[in-house]
Amino acid sequence: MGIIEKMRLDGKKIFVTGGARGIGKSVAAAFAEAGADIAIVDVDIAEAKKTADELADAYGNRMLAIKADVTIPEEVHSMTEQVVGTFGRLDAAFCNAGICMNIPAEEMTFEQWKKVIDINLTGVFLTAQAAGRVMLRQGFGSIINTASMSAHIVNVPQPQCAYNASKAGVIQLTKSLAVEWAKRGVRVNSISPGYIGTELTLNSPSLKPLIEQWNDMAPMGRMGRPEELQSICVYLAGDTSTFTTGSDFVIDGAFTCF
Ligand code: NDP
């Protein structure tokens with residue numbers, strides 16, 4: 001079997017959190033195109049259903065839409081049960097849901113800090129833990145967590161200390177899980193995208209005005225597109241990455257190089 005064929009995900013069962021739109025939707029589409037059945041998991045169930053229907057029409061795979069808030073352990077648990085109950089197993093999980101808040105540190109309330117950490121870090125822990133429990137029982141599985149270049153640098157000019165700290169936490173969490181589960185068939189990696197054009201950036205009142213400035217700072221002079229994250233995730237979810245675990249993949253058009 002050739003390398004391209006080996007990279008396909010035919011018959012694999014995958015859940016994607018924050019899958020209704022943005023990076024999650026784009027990566028879910030790539031998983032589906034590569035042959036996988038997908039559960040689109042999101043707090044916005046109407047949008048998740050729309051995405052699941054769209055991908056089912058485009059690729060003909062089995063698609064589920066499941067409402068779950070990644071910060072609520074019971075919802076994450078029942079989402080995972082539903083995925084495994086329907087699909088029979090779980091080959092990969094893309095723990096991707098996240099939010100950003102741009103607030104100066106000295107003005108940030110405890111609730112704002114907690115919300116960002118809860119969704120971006122605790123949410124990734126809860127979904128990776130739920131996926132890991134299934135995968136450890138099976139003896140195989142691949143978990144991909146969404147970190148950010150903000151785990152590596154402090155973005156400017158916007159103040160986002162909670163976001164940056166949460167994403168740095170995602171990388172060390174990823175490495176910790178990778179080491180704990182390495183001998184039991186479960187791999188855990190993260191991606192660290194640079195600025196990507198999604199609702200989170202393009203339609204955020206606080207971030208949208210900064211795009212020109214970011215582009216001036218970017219070696220490539222532009223933001224990334226969600227589809228530019230697809231192939232790395234297909235690689236990590238599949239069977240050609242079996243020696244890849246505990247790694248973080250920075251995909252930022254060289255933004256963090258200087
Ligand atoms: P979007 O805001 O476009 O999509 C995020 C999705 O996650 C939304 O559908 C959102 O639903 C959902 N979501 C939010 N909170 C929860 C929750 N508690 N439980 C389940 N789902 C939730 O963001 P992106 O696609 O841009 O971002 C995806 C990930 O990529 C995030 O982790 C982000 O931090 C990371 N990232 C993004 C970059 C960028 O420049 N866009 C750069 C680097 C990393 P709703 O809107 O209804 O709340």
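I call a residue buried when its relative accessible area is under 20%, exposed when over 50%, and partly exposed in between (1.4 Å probe, protein chains only). By that rule I logged Trp214 as buried, because its relative accessibility is 1%.

**Ground rules.** I am working on a predicted model, where local features need pLDDT of at least 70, side-chain atom pairs count only at pLDDT 80 or more, and totals for chains, interfaces and linings use all residues. Residues are numbered from 1 along each chain as its sequence is written, and side-chain values use heavy atoms, with hydrogens and water left out.

**Aromatic pairs.** I note that two aromatic rings are described by the distance of the centres and the angle of the planes. I counted rings of Phe, Tyr and Trp (its six-membered ring) as a pair if their centres lie within 6.5 Å; planes under 30 degrees apart are stacked, over 60 edge-to-face, and the rest tilted. My search of the whole structure gave three aromatic pairs.

I looked at Phe31 and Phe94, which pair edge-to-face at 6.4 Å centre to centre, with 85° between the planes. Phe31 is in helix H2 (residues 22–33) and Phe94 is in strand S4 (residues 92–95), so this pair links distant parts of the chain, 63 residues apart. Helices (H or I, at least four residues) and strands (E, at least two) are DSSP runs, numbered from the N terminus. I found both Phe31 and Phe94 buried.

I then looked at Tyr195 and Trp214, a stacked pair with 3.7 Å centre to centre and 5° between the planes. Tyr195 lies in the loop between strand S6 (186–193) and helix H7 (199–202), and Trp214 lies in helix H8, so the pair ties together parts 19 residues apart in sequence. I put Tyr195 down as buried, at 12% relative accessibility. Tyr195, Trp214 and Phe255 make up one aromatic cluster.

**Gly224.** I placed Gly224 in the loop between helix H8 (211–217) and helix H9 (230–237). Gly224 is buried, with a relative accessible area of 17%. Leaving out residues up to four places away in sequence, I listed its contacts as Tyr195, Ile196 and Gly197, where contact means heavy atoms within 4.5 Å. The C-alpha atoms of Gly224 and Gly197 are 6.3 Å apart, although the two residues are 27 apart in sequence.

**Thr244.** I found Thr244 in the loop between H9 and strand S7 (248–251). Its relative accessible area is 12%, so Thr244 counts as buried. Beyond four places in sequence, Thr244 touches Arg187, Asn189, Tyr235, Leu236 and Phe249.

**Cysteines.** I took a disulfide to be a pair of cysteine sulfur atoms within 2.5 Å, and the count came to zero. The sulfur of Cys95 has its closest cysteine sulfur in Cys233, 11 Å away, which is too far for a bond. Cys95 is buried, at 1% relative accessible area. For Cys161 the closest cysteine sulfur is in Cys100, at 10 Å, again too far for a bond. I recorded Cys161 as partly exposed, at 33% relative accessibility.

**Helix H6.** I checked the length of H6 (residues 161–181): at 1.5 Å a residue its 21 residues should span 30 Å, and its end C-alpha atoms are 30 Å apart, which agrees. The expected span is 1.5 Å times one less than the number of residues. Among the buried residues of H6 I noted Ala162, Val170, Leu177 and Trp181. Their cover includes helix H5 (110–138), strand S5 (141–146), S6 and S7.
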